[in-house]
Amino acid sequence: MPKLVLKVGSRPPWVGLAAAVWVQIAAGNSYNFPLYSSTLKSVMDYNQQQVTLLGVANDIGESVSILPGIACNKFPPWALLLVGALLCFLGYGVLWLAVSQTVQNLPYWLLWLALCIGANSCAWFGTAVLVTNMRNFPLSRGTVAGILKGYIGISAAVYTVICSMVLNDSASKLLLFLALGLPFLCLAMMYLIRACTPASGEDSSEHVHFIFTQASSVLLAIYLLATTVTSDTVSLSGTVSYILVAIMVILLMSPLVIPAKMTFFPAKKLGAPVYSSDDLVGSTQTDPLLTPTSSSTHLGNFHEREDASDVETLLAVGEGAVKKKRRGPRRGEDFKFREALIKADFWLLWFSYFLAVGPGITVLNNLAQIGVALGVDDTTLLLSLFSFCNFVGRLGAGAVSEHFVRSRTLPRTFWMICAHIVMTVSFLLFALSLTSTLYIATALLGICYGVQYSTMVPTASEIFGLKHFGIIYSTMALGNPIGAILFSALLAGYLYDAEAATQGGSTCLGSNCFRLTFLVLAGVCGLGTILSTILTIRVQPVYQLLYAGGSFRLLQNTNY
């Protein structure tokens, strides 16, 4: 493995986090599918099942991140961003040629492949910035995951504002923006996102910086929701629209205030020792990142049974009486991918995540059709509501789970249980097929969908370590496309087209279009509740070990 050069200093990680915000907005490009799917359907004369399969291609491209997961341990972040920019240009470029009818009669398989390629840029963008920033801030994993995943969640609202106020709701202009604008943005940011030397410990200023970043993202989310509602209810002039977009851009730049403040108003340091590493990923260092605290007295019995006869074993090995078997890592230490793959906790986490995001992505892919079926003429507000609540869930889950895991050693997976229960309720509300409950169900589902993302990411890193986090996270993310195939294409798409056929057309209207789908998805989330409960019980001792002192404690033989 090539030696990774680390950027030293306290300011570069915050510069990288501020740049990562923009890359995460670009990484949300797959959420644009509802904005151009109707135009694609009419221009290419597709039926709903064909459009649904294109949505599956979108989900597969977005979530299949095995290659970037492997690459993040072998190449610097800018290389992953470069690949993502190329995929974005090629994929959305072909879609633009089709929608703008610059090239006519493109085959269906080519558009399916192009959408898969374009959306796969999300995986390269997201993996590059998530893995890098999780390693740059290893003591605040939940907070960092919540912030970064939150900006992806709100990216749909950003694109909605751009599409309606700048691009005049033109699908062809939007696809051209995705093909040219996003690659340019990521190329501009790629040298700012770098692996840095993590801090030796936590301090109050870092906590304040995270609070500022979270507050600025909440302000942006509220502003985007208000702007979307205003543009839907009031006719805005071109000048006003551009001013509102400019304010949005300024709010997106707000995380840069932190490195600017550190530059012009540097904090006085008291000469605390600084942790450094020659190789962030492949280090052989065995000392813990944090000095053991007094809380270590509460941890002595965690592996007491395994360690009781270590001295006798070593003596026997020295005398040649026995051969000592190499012990695998314990939960909370760095696992290799193949070591994690055979653990029950890995598959419990995978299925708990899959049984939540699969139903969630089904509603997201079909939200426009759900609104039309229930008599909602303009589904833009539904999409914006889902995006805002998705953001709230992602950001809130990161902050709330971080608070309770530090104060009460409550496993993050507890919030997965809560999200599964609320998702079950939301699908039952969807099944009622009432316009009055549609917005409530959409808001609840958006929040819980975001909670699942921001809970899975730090949980995987805490149980299986950061050393091979990229490939482990990428495997977890496969729950998205598999769920989309099973629940969106094979279930929702088939039932929708069957009901539309009985109505004598390609568009389905009424409560029967999705009711059975919603009831099945409610049962799926009920099963997810059971699995996430089992997982929470199993990992409770791990969190008692890692957070017994009120802050994250790296184990002795982690390489981080």
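Modeller: Buried means under 20% relative accessible area, exposed over 50%, and partly exposed in between, with a 1.4 Å probe and protein chains only. This is a predicted model: local features need pLDDT of at least 70, side-chain atom pairs count only at pLDDT 80 or more, and totals for chains, interfaces and linings use all residues. Residues are numbered from 1 along each chain as its sequence is written, and side-chain values use heavy atoms, with hydrogens and water left out.

Biologist: What makes Arg-331 and Asp-345 a salt bridge?

Modeller: The term asks for a side-chain nitrogen of Lys or Arg within 4 Å of a carboxyl oxygen of Asp or Glu. Here N to O is 2.8 Å, so the pair qualifies. Arg-331 sits in the loop between helix H13 (310-318) and helix H14 (337-341), and Asp-345 in helix H15, 14 residues apart. Helices are DSSP runs (H or I, at least four residues), numbered from the N terminus.

Biologist: Which class does Arg-331 fall in, and why?

Modeller: Arg-331 has 25% relative accessibility, so it counts as partly exposed.

Biologist: What makes Asp-377 exposed?

Modeller: Its relative accessibility is 79%, so Asp-377 counts as exposed. Asp-377 lies in the loop between helix H16 (367-373) and helix H17 (380-407).

Definitions and conventions. Helix = DSSP H or I, 4+ residues; strand = E, 2+ residues; numbered from the N terminus.
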